[in-house]
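Let's take a walk through this one together, starting with the whole chain and then zooming in on a couple of spots. Keep the viewer open as you read.

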Amino acid sequence: QIVTLDGRRVMLLSARDITIRKIAQEKQEAARARTESDLRRSEARFSRTQRMAVLGSWEREIATEKMDWSDEVFRIYGVSKDSFVPSVNFFRDHVHPDDLPGIDAAIYELLITGEPCQMIFRIIRPDGTQRFVRELAEVETNGAGDLVRVVGTVQDITDLRNLEEQFHSAQRLESLGRLASGIAHEFSNMLTVINGYGSVILRSAANESAVRQGLKKILTAGDSAKLLVEQLVAFSQEPGG
């Protein structure tokens with residue numbers, strides 16, 4: 001501001017030390033940047049964890065039927081996040097028809113009782129491939145106790161089920177191997193008696209007699225049966241048998 005003082009024109013200036021305010025602003029900006037960075041890292045860790053576990057999360061608004069999926073749910077269902085909007089109709093259309101009645105019953109029970117539920121069913125992706133999934137669902141209510149949304153998780157358990165099936169197949173083969181081994185040993189004992197007595201009787205039978213010819217056939221059949229027993233024993237001793 002320019003003023004006249006003692007006949008002279010002078011400029012009046014004022015200054016304020018804003019160092020403390022500037023430092024405070026810089027601290028706030030740094031804290032905000034750290035918070036945003038921490039949030040991005042947290043979101044990245046969450047997404048990576050879901051991808052590694054093949055586990056996604058979802059929400060469904062009761063009033064609007066609007067659905068919200070995490071990134072992993074899009075991957076599980078084989079659709080692109082950039083070009084697809086999740087919906088209840090899509091979900092129902094891609095549940096295996098044989099499993100849909102069970103899903104409807106479970107969801108109805110969830111909405112009536114409010115108790116969390118678990119569902120295991122098959123989905124059919126747009127490319128035709130079939131996957132087994134496990135869903136956990138529960139309801140959220142407002143302050144008045146009214147249902148507002150259903151929230152849950154979905155996990156692709158196809159590989160796990162395949163491993164379980166392989167394990168059960170190995171168990172069945174192991175049981176079959178034990179059974180074959182037991183039968184082989186019992187049969188071997190019987191053959192020992194049959195072949196032993198047959199050999200004794202053969203030595204005392206008259207040459208070219210009908211009895212002798214019959215005994216030879218019996219002993220030939222016994223030798224063939226002995227080979228079968230050896231094969232059973234070998235099968236029972238194979239890995240997985």
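What follows goes from the overall layout to one helix, then to a surface patch and a loop.

First, a word on what you're looking at: this is a predicted model. The protein chain has 6 helices and 7 strands. If you trace the chain along its sequence, the elements come in the order β-β-α-β-β-α-α-α-β-β-β-α-α. Of the 241 residues in the chain, 24% are buried. The protein chain exposes about 17100 Å², and carbon and sulfur atoms account for 55% of that area. As for how the chain meets itself, take the contacts between residues at least 6 apart in sequence: 47% of them join residues at least 24 apart.

Now pick out helix α5, which covers residues 158-204. How far does α5 reach from its first C-alpha to its last? With 47 residues, α5 spans 68 Å, close to the 69 Å expected at 1.5 Å a residue. Several of its residues are buried, and you can follow them along the helix: T158, G177, A180, A184, L191, N195, G198 and L202.

V193, Y197, V200, I201 and V211 make a nonpolar surface patch of about 490 Å². Helix α5 gives the largest share of this patch, with 4 residues. Is V200 buried, partly exposed or exposed? V200 has a relative accessible area of 46%, so it counts as partly exposed, since that class lies between the 20% limit for buried and the 50% limit for exposed.

Next, hop over to the loop between β3 (55-61) and β4 (67-69), where you'll find E65. By the cut-offs just used, E65 is partly exposed because its relative accessible area is 35%. Which residues does E65 touch once you leave aside its neighbours within four places in sequence? They are R60 and V88. The R60 pairing is worth a look at the atom level: the side chains of E65 and R60 make a polar contact at 2.9 Å. E65 and N89 are 24 residues apart in sequence, and their C-alpha atoms are 9.6 Å apart in space.

Notes: Residues are numbered from 1 along each chain as its sequence is written. This is a predicted model: local features need pLDDT of at least 70, side-chain atom pairs count only at pLDDT 80 or more; totals for chains, interfaces and linings use all residues. Side-chain values use heavy atoms; hydrogens and water are left out. Patches are made of residues with over 30% relative accessible area and no salt bridge: like charges are joined within 9 Å, nonpolar side chains (Val, Leu, Ile, Met, Phe, Trp, Tyr) within 5 Å. Accessible areas come from the Shrake-Rupley method with a 1.4 Å probe; for residues, only the protein chains shown count as cover. A salt bridge is a side-chain nitrogen of Lys or Arg within 4 Å of a carboxyl oxygen of Asp or Glu. Helices (H or I, at least four residues) and strands (E, at least two) are DSSP runs, numbered from the N terminus. Buried means under 20% relative accessible area, exposed over 50%, partly exposed in between (1.4 Å probe, protein chains only). Contact means heavy atoms within 4.5 Å. A polar contact is a pair of N or O atoms within 3.5 Å; within protein, one must be able to donate a hydrogen and the other to accept it, and residues adjacent in sequence count only if both atoms are side-chain atoms. The expected span of a helix is 1.5 Å times one less than its number of residues.
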